[in-house]
Amino acid sequence: MMSSEFVETSITQVQDYWNRRPCNIRHSTAEIGTKEYFDQVEERKYLVEPHIPAFAKFERWTGKKVLEIGCGIGTDTMNFARAGAEVTAVDLSGESLKLAKKRAEVFGLSDRIKFYEVNAEKLSEYIPPQKYDLVYSFGVIHHSPHPEKIIEQVRENFVHSGSELKLMVYYRYAWKVLWIMLTHGQGQFWKLDRWIAEHSEAQTGCPVTYSYTKKTVKDLIGEGFEIKENYVEHIFPYRIKDYVKYQYVKEWHWRILPQGVFRQLEKKLGWHLCVTAKAK
Ligand SMILES: C[S@@+](CC[C@H](N)C(=O)[O-])C[C@H]1O[C@@H](n2cnc3c(N)ncnc32)[C@H](O)[C@@H]1O
């Protein structure tokens, strides 16, 4: 069953949270807005989340129309544009979009990307309905109070038969969920969603974080799409005290584990549920 824990949370609370600290903004110590800064943000993001390029398959979208929901500061956005896609990128956070726009300028990609500050639950009220070849959303809709409204928007207004939907949502049976409950949850399993939201992001206290199983994500996507691929990835292995100093030292228990075993665990207990579906 899908959780309805956060349905009463206001979208303004969500917006304020992401404006206070746009996602990945501290991935570099270089001066914000410079080429060096953006290059370092990308390097760190794909170092820590190396499964993203294989999931997004940026090079497949040359000459295609891509709608990105929740672009944040635009790391993946730039790579769709670099690959030659025509990109529409939306986000709720104006502060994130300022950086994403600057990034497009710095890399000479502004003519390939249209940015909009919108609540994706009401997407068609803000951007003209048109059909996209790919709708991509990485780590976003589980932070919105009503993720099903975003899917409905996409299905009704922004895909044609055969369009692809690529979604990453958080996985409920992840190692990270177990870790959150063991280190913070005080055994309060009945408050699982609240504890996950509290500790899901780099900045504590995220107002909304849902998590899904392979079954509940299928229910979320609904009848309009056929799921083509559905797998989990990503266990964050680094020691936080080093990671915040831009040093990459693994936690001792991950260090002693053979890499092959770690990869198997990531595929069973990863935090990122990566779903590719085709619109019917
Ligand atoms: C974890 S960040 C991911 C950003 C980006 N996809 C990335 O991987 O770097 C989540 C983003 O979702 C955006 N977001 C959350 N709810 C949204 C909504 N209803 N409409 C549009 N964007 C939303 C936030 O503003 C934030 O930038």
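Helix H1 (11-20) and strand S2 each contribute at least two residues to the shell around the ligand; helices here are DSSP runs of H or I with at least four residues, strands are runs of E with at least two, and both are numbered from the N terminus. The model is predicted, so that local features require pLDDT of at least 70 and side-chain atom pairs count only at pLDDT 80 or more, while totals for chains, interfaces and linings use all residues. Residues are numbered from 1 along each chain as its sequence is written.

**Ligand shell**
- The ligand is surrounded by 21 residues, of which Trp18, Cys23, Gly70, Gly72 and Ala120 are the closest; a residue is near a molecule if its C-beta atom, placed from the backbone, lies within 6 Å of it.
- By class, this shell holds nine nonpolar, 10 polar and two charged residues (Ala, Val, Leu, Ile, Met, Phe, Trp, Tyr, Cys and Pro count as nonpolar, Asp, Glu, Lys and Arg as charged, and the others, Gly among them, as polar).

**Sheet**
- Seven strands form an open sheet of mixed pairing in the order S3-S2-S1-S4-S5-S7-S6, where two strands pair if DSSP finds at least two bridges between them.
- S3 and strand S6 (225-233) are the edge strands, each with a single partner strand, so one side of each lacks a neighbour in the sheet.
- From one strand to the next, the twist averages 15°; axes are lines fitted to C-alpha atoms, for helices over the stretch in contact, and angles run from 0 to 180 degrees between N-to-C directions.
- S6 and strand S7 (residues 272-279) run antiparallel and are joined by eight bridges; Val232 has Leu273 in S7 as its bridge partner.

**Crossover and helix H5**
- Strand S2 (residues 86-91) pairs with strand S3 (residues 113-117) in the parallel sense over five bridges, and Thr88 has Lys114 in S3 as its bridge partner.
- Between S2 and S3 the chain passes through helix H5 (residues 94-106) in a right-handed β-α-β crossover, meaning that, with the strands pointing away from the viewer, the path from the first strand over the helix to the second runs clockwise.
- H5 packs on the sheet and touches S2 and S3, its direction making about 165° with that of S3; contact requires C-beta atoms, placed from the backbone, within 7 Å.

**Helix pair H8 and H9**
- Helix H8 (residues 175-183) packs against helix H9 (residues 192-199) at an angle of about 100°, with the axes 10 Å apart.
- H8 and H9 are therefore roughly perpendicular to each other, a class that covers 65 to 115 degrees.
- Val177, Ile180 and Met181 of H8 meet Leu192, Trp195, Ile196 and His199 of H9 in this contact, which comprises six nonpolar, one polar and no charged residues.

Definitions and conventions: Angles under 35 degrees count as roughly parallel, over 145 as roughly antiparallel, 65 to 115 as roughly perpendicular and the rest as oblique. Two residues are in contact if their C-beta atoms, placed from the backbone, lie within 7 Å.
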